[in-house]
Amino acid sequence: MVYFLSSRLKGVLVLLLLFQLPLALNSCPKFCECTNGPTVINCTDRGLSNVPLFPKESVRIYLDRNNITIIQDGKLNHLNQLEKLTFADNQVSHIDAGAFHGLTNLEELDLTYNQLSFKLPGSMDNTLVYSKKSMPHPCNILHGMTKLKTLKLQHNKLGNLFKEGAYACIFQDQVYSLKTLELSHNNISGLTNNLFLNMSLEYLNLSYNRLMSVPKLFQNLTSLTTLDLSHNEITCVNNLNTSIVSIDLSNNPFSCSSAKCIQNLKGQSEKYNHFRETGKYVCHTPEKCNGQDIYDLDLTNLCQSGLSTTKKILAGVMGFTAGMLTLVSLWMCYTRNLFKVCVDRWRSFHYKEVPRDIAMHHI
């Protein structure tokens, strides 16, 4: 009898759990605020360490400024009406395989200020977060997001992620709809030429990275209208796409010894008025032109390598000092009635011809 009751009790509990699961998926998560029914959910600054379950009707979800480290599979896949998802300012370093699969209506994904640093399997880097067991290949992370228009990845640790040819597939055949891509503050030093192949990007931010030149791949982005390459390590400008409406190349260490590089930069000033902003487009090398405004530079008299102003002043001071010492020495010799002897000795020393009988003859 007791066994029968306990069996019936277990069955009732199971039924209750089954009934409560749909309710959980249709109610506002604990610690979050919901508006417009369960469509807009704000979970910002809630101290969350895991992604909660959300109602399937969710349209916008804000999970900013929490302590989330992992985006788990199975937590978001049922949200086929979701349009905006933000994880800004968390500690996300791990994304489960298929964590974003099913988000077919997602238009904006924000992963700024996290710890993302995808590496190839077997990497010796301490920041390895991609392994065959736990992480999907980066190529699959955006799979199925056919309506994604804005992707924000700034302030992560992507490093040379986009330089590796193996990762060119991250955007290829995945997000043709992407219009805005934020990649600033990622320590990126290079981009593979086919990274944005067949994409229709309109806004691309690569500021505050380590790019040393303007990548050729921008020539193929015919829809690109705004490009930010400020605060990189670019010394010369060559591959600029003429269809770009606004480009920012300020605060780069430009070299002013090449007429071609300067001409390319100055040629853009007619198109981009901000090129004339004082202090943002200045020479970095050679040293003698350091700090000089590029727009005011004379192409017929470029800063070719040679003595800098400081070195020229130093050389002048040294020459003047040597001359004064010579005059003092001659004056001292003259006052001692040894002027001719001193002059002869000075000449013999200068021409390395020292007559042996001069001193004895005049003493």
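Buried means under 20% relative accessible area, exposed means over 50%, and partly exposed lies in between (1.4 Å probe, protein chains only). These legends describe a predicted model, in which local features need pLDDT of at least 70, side-chain atom pairs count only at pLDDT 80 or more, and totals for chains, interfaces and linings use all residues. Residues are numbered from 1 along each chain as its sequence is written, and side-chain values use heavy atoms, leaving out hydrogens and water.

**View 1. An open sheet of ten strands with mixed pairing.** The strand order is β1-β2-β3-β5-β7-β8-β9-β10-β11-β12. At the edges sit β1 (33-35) and β12 (246-248), each of which pairs on one side only. Strands here are DSSP runs (E, at least two residues), as are helices (H or I, at least four), numbered from the N terminus; two strands pair if DSSP finds at least two bridges between them. Strands β7 (residues 108-110) and β8 (residues 150-152) run parallel and are joined by three bridges. Look for Glu108, which stands opposite Thr150 in β8.

View 2. The whole structure holds four salt bridges, each a side-chain nitrogen of Lys or Arg within 4 Å of a carboxyl oxygen of Asp or Glu. Arg46 meets Glu33 at 3.4 Å, N to O. Asp45 pairs with Arg65, their closest N and O atoms being 2.9 Å apart. Arg65 is partly exposed, at 44% relative accessibility.

**View 3. A salt-bridge network of Lys84, Glu108 and Lys152.** Glu108 and Lys84 meet through their side chains at 4.0 Å, N to O. Glu108 belongs to strand β7 and Lys84 to strand β5, so the pair ties together parts that are 24 residues apart in sequence. Glu108 counts as buried because its relative accessible area is 18%. Shared partners bring Lys152 into the network with Lys84 and Glu108.

**View 4. Asn77 and its contacts.** Asn77 lies in the loop between β4 (70-71) and β5 (84-86), and is partly exposed at 25% relative accessible area. Not counting residues up to four places away in sequence, Asn77 touches Gly98, Ala99, Phe100, His101 and Gly102, where contact means heavy atoms within 4.5 Å.
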